[in-house]
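Here is a short note for someone opening this model for the first time. Please read the points in order, with the structure beside you.

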Amino acid sequence: MKSHSGQKQVKIKKSTASRIFDACNIILMILFCITILIPFWDMIVRSFSRAQDISYMHINFFPKVWTLSAYEYCLQNNEIMGASFVSVARTVCGTVFHLLVCCLAAYSLTRTNLPFRKIITGVLLIPMFFSGGLIPAYLNMKNLHLLNNFMVYILPSGFSIFNCIIIRNYFFSVDKGMEEAASIDGASQTRIFFSIMLPLSKPVIATVALWQMVGQWNSWFDNMIYCRRSSSLTTLQYLLGELVDMNPETVKAATTVLVVLPIILVYPFLQKYFVKGIMVGAVKG
């Protein structure tokens with residue numbers, strides 16, 4: 001049988017072992033998804049239930065009586081709303097700052113005329129394998145006057161050599177002819193970076209942005225170490241840990257849903273760039 005192009009279509013027939021392997025993979029992935037979705041659904045049901053209706057012996061599939069009392073408590077709680085604002089602010093500011101620093105560093109490392117480019121790359125790789133530890137990090141934040149300071153959420157996470165390398169490798173895949181044409185037309189390196197490289201690198205930027213957003217949104221350890229004495233800098237995730245032993249199950253479930261919901265809402269908009277950004281950024285260069 002021939003196709004419209006005149007070439008023969010080759011139909012690959014899978015062996016029995018291959019079909020069994022695929023079936024087992026599908027079954028295992030379905031079971032894996034179920035183990036994740038059922039507890040998550042139980043948490044959602046608890047958040048819409050009354051405290052006296054919750055069962056601790058089995059999964060709660062549907063509320064006996066639907067109620068929004070837990071969410072009303074969360075939305076009317078000034079402490080929770082304040083922590084939510086801090087988490088949103090650190091996520092937005094931290095992600096934008098991280099992308100700007102990493103993209104600028106990655107673009108610099110793609111310039112073949114940069115002096116000591118390979119040496120700089122090697123030096124930047126060292127922290128991926130060695131770390132000074134928690135105590136030196138704490139003393140460093142103290143000496144920089146970042147304790148109980150909002151910028152302690154932003155500055156220390158402003159650069160990641162791993163993300164920088166992913167972005168750098170993606171920059172290498174951009175057609176050099178476009179840069180040369182822009183240079184001939186008189187465009188500066190700054191203009192080339194913002195007008196050519198960034199618009200053509202949306203997949204990898206979206207991918208790194210998603211990683212950083214999830215990391216910033218879920219972070220609580222730096223709050224505990226650096227900002228424990230400042231209630232105005234408490235993040236939603238750290239506050240959730242403190243609510244575990246202080247509130248009923250419905251409030252804890254509602255707070256957890258509110259913590260998870262923003263990332264679930266953002267992910268579908270970035271998902272289409274995710275695979276392309278990882279694959280090209282990981283293998284090019």
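1. A contact means heavy atoms within 4.5 Å. In the protein chain, residues 24 or more positions apart account for 71% of the contacts with a separation of 6 or more.

2. A word on the source. This is a predicted model, in which local features need pLDDT of at least 70 and side-chain atom pairs count only at pLDDT 80 or more, while totals for chains, interfaces and linings use all residues. Residues are numbered from 1 along each chain as its sequence is written, and side-chain values use heavy atoms, with hydrogens and water left out.

3. The fold is helical: the protein chain has 12 helices and zero strands. Helices (H or I, at least four residues) and strands (E, at least two) are DSSP runs, numbered from the N terminus.

4. Burial comes next. Of the 285 residues of the protein chain, 36% count as buried. Buried means under 20% relative accessible area, exposed over 50%, and partly exposed in between (1.4 Å probe, protein chains only). The chain exposes about 18000 Å². Carbon and sulfur atoms supply 68% of that area. Accessible areas come from the Shrake-Rupley method with a 1.4 Å probe; for residues, only the protein chains shown count as cover.

5. How many salt bridges does a search of the whole structure find? There are six. A salt bridge is a side-chain nitrogen of Lys or Arg within 4 Å of a carboxyl oxygen of Asp or Glu.

6. Start with Asp42 and Arg46. Their side chains form a salt bridge, at 2.8 Å from N to O. The two residues sit four apart in helix 1 (residues 16-47), so about one helical turn separates them. Both Asp42 and Arg46 are buried.

7. Arg46 also pairs with Glu249, at 3.3 Å from N to O. Arg46 lies in helix 1 and Glu249 in helix 12 (residues 249-283), so this bridge ties together parts that are 203 residues apart in sequence. Arg46 has a relative accessible area of 15% and is buried. Glu249, at 25%, counts as partly exposed.

8. Another bridge joins Glu179 and Arg111, with the closest N and O atoms 2.8 Å apart. Glu179 is in helix 7 (residues 176-184), and Arg111 is in the loop between helix 3 (78-109) and helix 4 (117-125), so the pair ties together parts that are 68 residues apart in sequence. Glu179 is buried at 6% relative accessibility. Arg111 is buried too, at 14%. Elsewhere, salt bridges that share partners join Asp42, Arg46, Glu249 and Lys252 into one network.

9. Look at the surface as well. A nonpolar patch there includes Ile26, Ile30, Trp41 and Phe61, and its residues together have about 1100 Å² of accessible area. Patches are made of residues with over 30% relative accessible area and no salt bridge: like charges are joined within 9 Å, nonpolar side chains (Val, Leu, Ile, Met, Phe, Trp, Tyr) within 5 Å. Ile26 is found in helix 1. It is exposed, with a relative accessible area of 52%.

10. Last, a helix pair. The axes of helix 3 and helix 11 (residues 236-243) come within 8 Å and cross at roughly 145°. Axes are lines fitted to C-alpha atoms, for helices over the stretch in contact, and angles run from 0 to 180 degrees between N-to-C directions. Among the residues that meet are Ile80 and Ala83 in helix 3, and Leu236 and Leu239 in helix 11.
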